[in-house]
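Keep the sequence and the coordinates open as you read.

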Amino acid sequence: MKKLFSIFIGTAMFIMICFCISISSFAAPSQVTDIEKTQILNSTVYYSFNASSKTLTISGEGSAPSFSQSQNMSDSQPWYGWKNDGSIERIIVEEGITSLGNYFFHGMTVSDISLPSTLKTIGSYCFAYSSQIRTIDLKNTVKINNNAFYMCYGLEEIKIPSTVTSIGKSAFASCKVLNNVTFGNQYMTVTVYEKAFFKCPELSEMTIPFNAKLMNCSVGFTDGDVVQENFTVNAYADSAAYTYAKKYLMKVNTLDEMVINQGADLDRKYFSDNLNDKMIFIFTPEQSASYSFCLSGSIKAECVLTDSNGKILEQVTYNPLTDNQCEISSDFVGGNTYYYTISSLGTMGDFNISLLPVGIDRIEIDWSFDFKASGLSDGRLDVARLIKGHSINFVYADGFVYSLPFEDGADYNGMSISYSNKLNSSVTCGENNDSIIVGDTELPFTINIEHSYKTEIIEPTITSGGYTRHTCVLCGDEYTSDYTDQLGRTVYGYVKVMANPEGDLLENSNISDIYIYNNKGEVIAVTNEDGFFAAEYAYDYIVIESYAGPNRKIAIDSESENLGDIGIVFCDFNEDGYVNAKDFALINSVNGEYDSSGGYESVDVNKDGAIDFDDWSYAKSYFTYGKLDESIYK
C-alpha cells in the first residue's frame with residue numbers, strides 16, 4: 001500500500017511539473033506596448049519595439065555597445081526581462097550599425113533576424129544561447145568574435161561570407177544540430193581559431209578554403225581532444241587545411257577543382273602528395289569579354305583552357321627556365337563555364353595563378369592622408385612606409401577593378417611600380433604633393449598637414465595691450481587673438497613753468513587750466529590752481545598741453561604713479577614758435593593788475609597779482625634760442 005501510494009504521489013508530481021512547464025511555455029508576452037526610439041547606454045545606437053508586429057529594431061550609426069550577462073545591471077540588455085517570453089518574434093538591425101557588442105542578443109528566442117550590410121563585427125557571446133536561430137545571413141561581416149554563436153542549439157546551417165577574416169574561439173561551439181557550413185569562396189583568407197566548431201556532432205564534413213588557417217581543434221573535435229568520428233575535411237592538398245587534417249588523422253577528401261572569379265590571385269604549390277594531381281580552375285564570367293589566365297613560378301607545367309563541352313581552346317607548356325610567365329587569353333561568353341587546368345610535368349614548387357580581364361582602361365589611386373602638425377613636430381614623415389599596402393586600382397575595359405596593394409619596386413602586368421619620393425620625407429603644413437609611378441603613368445596623391453598651435457598669453461602692460469599668440473609647432477605660422485587694452489592707470493603731478501632750456505623750474509610757477517591728454521587724444525585731467533593734476537586711464541604716455549609753447553609728452557612706466565614736477569615752456573604767447581618782441585608786446589598790453597576772470601592768471605608767473613616786466617623776465621633765456629619745438633624738453 002505504501003509502495004502504491006508512493007507511485008501515486010510520484011506520478012502526481014510529474015504531472016504537476018509537466019503542467020507547470022507547459023504553462024510557462026505558453027506564458028503571455030510581457031511586453032505588450034510600443035517602445036519609442038531609445039538611446040542604448042551612451043552610444044549612438046538606439047532600440048525601438050513594435051508590439052503589434054513583435055519587432056525589435058536596432059538603429060543608429062557605429063558600434064552597438066556591449067552588455068552585461070546579468071539582469072538588473074546598469075549595462076544589462078534593455079529587453080532582458082522580455083527577451084525570451086514570446087514578446088519578440090523578429091529582430092531588425094538597420095543599415096549604419098557597424099558592430100554588435102558582447103552579449104547584445106544573448107539568450108533570445110528569436111529566429112527571424114535581419115542584419116545590415118554595414119555590419120563588420122559580431123561581439124563575443126552576441127547570439128550565444130539563442131536557441132531559435134536556424135540560419136542567419138551575415139552579409140559583409142568581417143570578424144566573428146569568441147563564442148558569438150555558442151550553444152545556439154537550433155542553428156542548422158551557416159554561410160561564412162568571403163568578407164570574414166576571423167572566426168573566434170568557440171564561435172560556433174556546441175551548436176548541436178549544425179550540419180552545413182559553407183564559405184563565400186574557395187580562396188578566401190580566414191583564420192579559424194581554437195574550437196570554433198567544437199562539439200558540433202551533426203557536422204560530418206566541411207569544405208575549407210585554400211587560404212584558411214586552422215588553429216588547434218578548430219573543426220572536427222568532440223569532447224576534449226577527441227576527433228569526431230566519421231568527420232571529413234574537404235581540402236586542397238597544398239593547403240593548410242590538408243596539413244591540419246593529416247596532423248589529427250582525420251579523413252581527407254582531396255579537392256582538385258576551385259571556382260574562381262575575375263581578380264583571383266592565388267599562390268599554390270606542387271609537392272609529393274599532389275604531384276600527379278590536376279588543378280582545375282572553374283570560371284563563369286558574368287559578361288562577355290576577353291580574360292587572361294596567367295601562371296608564373298618555379299614549376300614546369302601544362303596549361304589547358306577548355307569550354308564546358310571539353311573543347312580545348314588553348315594549350316600551352318610553361319617552362320620557368322625559359323618563360324617569365326604563361327598567359328592564356330581568350331574571348332569568353334558571359335554565362336558560359338570555362339575550365340583552366342594545370343598539370344605539373346614532374347616538378348615540385350610554388351607557383352601563382354591569376355585571372356583578370358584583358359585590357360587595362362586606366363589606373364587610379366584615391367589616396368589622401370591627413371595629419372596634425374603636433375604629430376610631426378620635426379617635419380619628418382616616412383611616406384614610403386605610409387603608402388605601403390594602399391590600393392592601386394587597375395580598371396579594365398569591362399569595368400572590373402583589380403586592387404593591388406602598393407609595394408615599392410613591385411611589378412604588375414609588365415609595369416614597374418615605384419614611389420617617386422618627391423617629398424624626401426619632408427613635409428610641412430598645408431597640402432604636400434607626392435606621387436607613385438606605374439609603368440608610364442604618374443599617379444599623384446596628397447598629404448594634408450593641419451596646423452597645431454601652441455598658445456602664449458601676452459599680458460597687457462602700461463605701454464601695450466594684451467593678446468594671445470598662437471604659433472604652429474611645425475611651420476611657425478602665427479596669429480593673435482583675444483586682444484585686451486593697455487592697463488590704464490592713475491598718475492599725478494604738478495605742471496610748472498620751465499625757467500630755461502636746461503629744464504630748471506621757476507619757483508611758485510604752478511600753472512592752472514592746463515589740459516592733460518592720454519595717448520588716444522582723450523582729456524583725462526586739467527590742472528587746478530596749484531598746477532596739480534590726477535589723470536586716470538593713462539597708458540604709455542600723456543600729453544601736457546601748453547598754449548604758450550610746445551606741448552610736452554611724458555612717458556608712463558609701471559614703477560611710480562607720481563610724475564613729480566613737470567616744466568613746460570610758457571613764453572611764446574602768440575604761439576608762433578619764437579620767443580621775441582611780439583611776445584613782449586603782448587605782455588605789455590596787459591601790464592598792471594588784471595581781472596582774474598579774463599584768464600590771465602597763467603601769465604602772472606610770479607603770482608604777484610600784476611602782469612609786468614617781472615613776469616617777462618624769466619623768458620629772457622629763450623629769447624635768442626631759436627624756434628621752439630619738443631627738443632627743448634631734455
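Is Cys303 buried or exposed? Cys303 is buried, at a relative accessible area of 0%. Here buried means under 20% relative accessible area, exposed means over 50%, and partly exposed is in between, with a 1.4 Å probe and protein chains only.

A word on the source comes next. This is a predicted model, in which local features need pLDDT of at least 70 and side-chain atom pairs count only at pLDDT 80 or more, while totals for chains, interfaces and linings use all residues. Residues are numbered from 1 along each chain as its sequence is written, and side-chain values use heavy atoms, with hydrogens and water left out.

Stay with the cysteines. A disulfide is a covalent bond between the sulfur atoms of two cysteines. The test applied here is a pair of cysteine sulfur atoms within 2.5 Å. By that rule, the model has zero disulfides. Cys152 is in no disulfide; its nearest cysteine sulfur belongs to Cys175, 5.2 Å away. Cys152 is also buried, with a relative accessible area of 0%.

Now turn to charge. Side chains of opposite charge can pair when their charged atoms come close. A salt bridge is counted when a side-chain nitrogen of Lys or Arg is within 4 Å of a carboxyl oxygen of Asp or Glu. How many salt bridges does the structure hold? It holds eleven.

Take Asp223 and Lys199. Their closest N and O atoms are 3.0 Å apart. Helices (H or I, at least four residues) and strands (E, at least two) are DSSP runs, numbered from the N terminus. Both partners are partly exposed: Asp223 at 48%, Lys199 at 28%.

Lys388 and Glu407 also form a salt bridge, at 3.8 Å from N to O. This pair links distant parts of the chain, 19 residues apart. Lys388 is in the loop between α3 (383–387) and β29 (391–396). Glu407 is in the loop between β30 (401–405) and β31 (411–412). Glu407 is partly exposed, at 38% relative accessibility.

Finally, look at Glu364 and Arg362. The closest N and O atoms of this salt bridge are 2.6 Å apart. Glu364 is partly exposed at 33%, and Arg362 is partly exposed at 40%. With Asp361, they are linked in a network of salt bridges.
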